[in-house]
Amino acid sequence: VMKLNPQQAPLYGDSVITVQLTEEDKVEDDVVFYLVFTGSTVQHCTSTRKINPGSLETISPGHDCCETVKVALCASREGHPVLVVAEETFQFVQDEAYDAAQFLATCAGNQQALNFTRFLDRSRPPAADVDFLDEKVALAFRHLKLPAEWNVLGADQSLTENIPRETLMHFAVRLGLLRLTWFLLQQPGGRGALSIHNNEGATPVSLALERGYQKLHQLLTEEEAREPDSWSTLSHTVHSGDYSIKHHRGLDVYMLTAEA
């Protein structure tokens with residue numbers, strides 16, 4: 001039996017999983033280990049990297065639904081058949097970051113909900129928590145299947161620019177969420193949101209200045225601003241038909257996802 005730590009991951013994946021091998025699986029250097037996650041509709045295969053003779057590391061894939069899946073540890077060696085050396089179960093769960101991303105996506109144009117996010121701001125979390133929140137919510141947002149007509153400013157695009165209102169962009173900037181701001185900038189309505197004033201006459205750009213968020217202000221105003229560092233900047237995904245392949249440069253792990 002192998003031990004997976006942790007034994008669950010959020011739906012959007014991208015967290016590190018450690019695999020503890022049993023004594024008899026600690027083998028020579030020329031053995032390559034893979035993990036195969038089998039869900040009800042999709043299957044993922046991830047490469048691993050050796051930390052030491054007894055443990056491996058990989059990145060959890062993003063999954064399509066909350067469920068418990070089977071995980072097989074496979075060993076491959078040149079000139080030998082691939083062996084399944086251990087099996088375990090693993091759970092994909094919807095965590096708070098996923099809930100938050102879903103909530104924000106659905107309340108894009110909803111003034112009451114956006115005013116609630118302003119109320120949250122008064123009890124500002126410490127910087128380390130903000131960084132964690134930013135990373136997780138941006139990853140979760142990327143994983144959401146947003147409807148084709150989704151817009152940062154909400155469904156009612158007939159609203160003219162001069163009506164003062166809160167936007168998702170105000171929310172992201174006010175909390176200093178760099179990665180979420182970058183993600184929203186790339187979505188329909190993202191750039192348009194930058195010039196919208198709220199009831200105090202603040203735009204997302206003026207908010208960034210007023211709060212002293214220099215990196216954020218740069219991101220909003222410089223044409224050549226680069227994507228902030230995060231797990232997603234460390235990974236590159238290629239889609240082809242029913243397959244997608246992702247390379248995580250941080251751990252040098254590859255992940256193949258296919259419809260089961």
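## Overall organisation

Contact here means heavy atoms within 4.5 Å. The structure described is a predicted model. Its chain contains seven helices and twelve strands, and the C-alpha trace spans about 70 × 35 × 35 Å along its principal axes. Of the 260 residues, 47% count as buried. Among contacts between residues at least 6 apart in sequence, 64% join residues at least 24 apart.

The domain assignment divides the chain into domain 1 (3-94 + 234-259) and domain 2 (96-227). The C-alpha centres of domain 1 and domain 2 are 33 Å apart. Across the boundary, six residues of domain 1 are in contact with eight residues of domain 2.

## Helix packing and the nonpolar core

Helix H5 (residues 178-185) packs against helix H7 (residues 214-221) at an angle of about 10 degrees, and their axes are 10 Å apart. Angles under 35 degrees count as roughly parallel, and H5 and H7 are therefore roughly parallel to each other. The contact is made by Leu178, Thr181, Trp182 and Leu185 of H5, which meet Lys215, Leu216, Leu219 and Leu220 of H7.

In soluble globular proteins, nonpolar side chains tend to be buried together. The largest nonpolar core of this model has 59 residues, of which Phe90, Phe141, Leu180 and Leu184 touch the most other members. At least three residues of this core come from each of domain 1 and domain 2. Leu180 is in contact with Leu104, Asp134, Val137, Ala138, Phe141, Phe171 and Ala172, leaving aside its neighbours within four places in sequence.

Strands of a sheet pair through backbone hydrogen bonds, either parallel or antiparallel. Four strands of the model form an open sheet in the order S1-S3-S7-S6, with antiparallel pairing. Strand S1 (3-5) and strand S6 (49-52) are the edge strands, each pairing on one side only. From one strand to the next, the twist averages 30 degrees. Three bridges link S1 to strand S3 (residues 16-20) in the antiparallel sense, and Leu4 stands opposite Val19 in S3.

Glu57 belongs to strand S7. Its relative accessible area is 15%, so Glu57 is buried. Apart from neighbours within four places in sequence, Glu57 is in contact with Val16, Ile17, Thr48, Arg49, Ile51, Leu251 and Val253. Gln20 is 37 residues away from Glu57 along the chain, with 8.9 Å between their C-alpha atoms.

## Pairing around strand S9

Strand S9 (residues 83-93) pairs with strand S2 (residues 8-10) in the parallel sense over three bridges. Gln91 in S9 is the bridge partner of Gln8.

S8 and S9 run antiparallel and are joined by nine bridges; Cys74 has Val84 in S9 as its bridge partner. Six residues lie between the strands of this hairpin, in which Gly79 takes a positive phi near 80 degrees.

## Loops and backbone geometry

Most residues other than glycine have a negative phi, and most peptide bonds are trans. The peptide bond from Asn5 to Pro6 is cis, with omega near -5 degrees, and Pro6 is placed in the loop between S1 and S2.

Asp14 is not a glycine, although its phi is positive at about 65 degrees. This residue is in the loop between S2 and S3. With a relative accessible area of 4%, Asp14 is buried. A positive phi, near 55 degrees, is also found in Asp252. Asp252 lies in the loop between strand S11 (243-248) and strand S12 (253-259), and is partly exposed, with a relative accessible area of 48%.

The loop between strand S7 (55-59) and strand S8 (67-76) contains Ser60. A relative accessible area of 1% makes Ser60 buried. Not counting residues up to four places away in sequence, Ser60 touches Ala9, Gly13, Asp14, Ser15, Ile17 and Met255. Among these, Asp14 is itself buried.

Methods:
Residues numbered from 1 in each chain as written. Heavy atoms only, no water. Core = buried A, V, L, I, M, F, W, Y, C linked by side-chain atoms within 4.5 Å. Buried < 20%, exposed > 50% of the residue type's maximum accessible area, 1.4 Å probe, protein only. Domains from an automatic or database assignment. Pairing = 2+ DSSP bridges. Helix = DSSP H or I, 4+ residues; strand = E, 2+ residues; numbered from the N terminus. Axes fitted to C-alpha atoms, helices over the stretch in contact; angles between N-to-C directions. Parallel < 35°, antiparallel > 145°, perpendicular 65-115°, else oblique.
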